[in-house]
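Please examine the sequence and the structure below. The paragraphs that follow lead the reader through selected parts of the chain.

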Amino acid sequence: MTAAARKPLAVALMGPTASGKTAAALEIASRIPSEIISVDSALVYRGMDIGTAKPTPAERAQAPHHLIDILDPLDAYSVMQFRHDALKLVAEIQARGKLPLLVGGTMLYFKGLRDGLDELPQADPEIRAALDAEEVQLGTPAMHARLAKVDPATAARLKPNDSQRIQRALEIHLLTGQPMSALLAQAPKPALPFDLLPLALEPSDRSVLHQRIADRFHAMLKDGGLIDEVETLRRRGDLHLGLPSMRCVGYRQTWEYLDGLYGMAELREKGIAATRQLAKRQITWLRSMPDRHVIDCLVPDAPQAILALIAQRQNG
């Protein structure tokens with residue numbers, strides 16, 4: 001492809017929690033004029049800084065950051081909203097002659113950006129109400145079993161307690177008469193208006209990542225930082241554990257600790273375990289992307305490897 005015909009480049013820097021994405025992105029931005037677009041469903045919320053490991057003001061001063069602190073914790077942010085915002089930001093950053101760095105660990109956002117959003121039917125209030133009533137009567141596992149009969153492919157990828165997604169899949173089947181998995185398979189994938197280079201920071205030794213996760217959660221709890229943060233959010237009076245913001249890893253566990261459900265030792269244990277599970281899910285997502293370039297996040301020259309891959313793509 002000639003230089004004139006080549007699409008402008010954007011970089012997706014993905015990885016599990018505690019893999020060093022922020023530090024790597026800032027190192028890249030110090031070498032290449034760049035702006036960072038956060039791909040993180042927790043960093044969008046204001047007042048949630050410690051538990052999300054949000055880049056510090058000093059770090060954010062090193063390069064422009066986007067999609068951080070854009071929502072109140074009472075609000076929700078969808079994949080559709082992210083895709084709209086990210087496409088707009090990439091175009092604006094490229095128009096300024098800089099490299100867009102899409103950095104984060106919310107793999108569903110990366111997937112929505114790359115693959116587009118599927119045209120599925122809108123929610124139907126009457127069907128939703130009927131499904132709600134049925135779930136109250138039968139329980140979520142029974143709804144999952146029902147889904148397995150009409151859409152085994154979707155049921156296989158959902159946990160038996162994932163009430164929201166199970167209901168949505170059942171609703172789509174009732175509305176269309178077709179399994180959601182079949183509708184998704186038929187949907188055309190839109191082409192991005194830019195060349196996206198997918199880079200993945202992944203650990204060569206999972207135990208080292210686990211230790212990083214433990215160390216970081218201990219640091220979040222140091223001097224009561226995370227507990228104070230969640231107490232401040234609770235004092236507002238309008239937040240609860242049903243909100244996406246309060247279901248973020250670390251926040252749910254701290255909220256339950258403040259409810260007196262368990263003590264400090266168990267909070268540490270549950271917070272670390274939940275973060276490890278998040279990292280495991282993120283790595284599973286990454287491994288489903290065969291075209292990604294893997295960089296070992298445990299080696300000190302990871303940013304140099306990333307810069308080399310960017311230069312290779314730019315010169316290719």
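**A guided reading of the model**

Arg 234 lies over the face of Trp 255, at 4.9 Å from the ring centre. The model described here is a predicted one. Trp 255 belongs to helix 12 (residues 251-258), where Tyr 251, Gln 253, Thr 254, Trp 255 and Glu 256 are buried. What do the buried residues of helix 12 pack against? Their partners are helix 11 (225-235) and helix 13 (264-287). Just after helix 12, a positive phi of about 85° is found at Gly 260.

The next topic is the aromatic rings. A pair of aromatic rings is described by the distance of the centres and the angle of the planes. How many aromatic pairs does a search of the whole structure find? The search gives two. In the pair formed by Tyr 77 and Tyr 109, the ring centres are 6.1 Å apart and the planes stand at 75°; the pair is therefore edge-to-face, since planes over 60 degrees apart count as such. This pair links distant parts of the chain, 32 residues apart. Tyr 77 is placed in the loop between strand 3 (65-66) and helix 3 (79-95), whereas Tyr 109 is part of helix 4 (residues 107-115). Are these two residues buried or exposed? Tyr 77 has a relative accessibility of 12% and counts as buried. Tyr 109, with 4%, also counts as buried, because the cut-off for a buried residue is under 20%.

Tyr 109 also pairs with Phe 82: the ring centres lie 4.7 Å apart and the planes are at 15°, so this pair is stacked. The cut-off behind that description is an angle under 30 degrees. Because Phe 82 lies in helix 3 and Tyr 109 in helix 4, the pair ties together parts that are 27 residues apart in sequence. Phe 82 has a relative accessibility of 1% and therefore counts as buried. Through these ring pairs, Tyr 77, Phe 82 and Tyr 109 are linked into a cluster.

Helix 3 also contains His 84. With a relative accessible area of 53%, His 84 is exposed, because the cut-off for that class is over 50%. The side chain of His 84 makes a polar contact of 3.3 Å with the side chain of Asp 85. Between the C-alpha atoms of His 84 and Leu 113 the separation is 8.6 Å, although the two residues are 29 residues apart along the chain.

The last topic is an annotated site. Which residues does UniProt place under the feature "binding site"? The unreviewed entry names Gly 15, Pro 16, Thr 17, Ala 18, Ser 19, Gly 20, Lys 21 and Thr 22. Gly 15 is situated in the loop between strand 1 (9-14) and helix 1 (21-31), and Gly 20 is found in the loop between strand 1 and helix 1 as well. Gly 15 is buried, with a relative accessible area of 0%, whereas Gly 20, at 31% relative accessibility, counts as partly exposed. Leaving aside neighbours within four places in sequence, Gly 15 is in contact with Lys 21, Gly 104, Gly 105, Met 107, Leu 201, Gln 282 and Leu 286. Gly 20 touches Leu 201 and Arg 212 when residues up to four places away in sequence are not counted.

Key: Residues are numbered from 1 along each chain as its sequence is written. This is a predicted model: local features need pLDDT of at least 70, side-chain atom pairs count only at pLDDT 80 or more; totals for chains, interfaces and linings use all residues. Side-chain values use heavy atoms; hydrogens and water are left out. Rings of Phe, Tyr and Trp (its six-membered ring) pair if their centres lie within 6.5 Å; planes under 30 degrees apart count as stacked, over 60 as edge-to-face and the rest as tilted. Helices (H or I, at least four residues) and strands (E, at least two) are DSSP runs, numbered from the N terminus. Buried means under 20% relative accessible area, exposed over 50%, partly exposed in between (1.4 Å probe, protein chains only). A charge sits over a ring if NZ of Lys or CZ of Arg is within 6 Å of the ring centre and within 35 degrees of the ring normal. A polar contact is a pair of N or O atoms within 3.5 Å; within protein, one must be able to donate a hydrogen and the other to accept it, and residues adjacent in sequence count only if both atoms are side-chain atoms. UniProt positions are given in the numbering used here, feature names are shortened, and annotations may be inferred rather than shown by experiment. Contact means heavy atoms within 4.5 Å.
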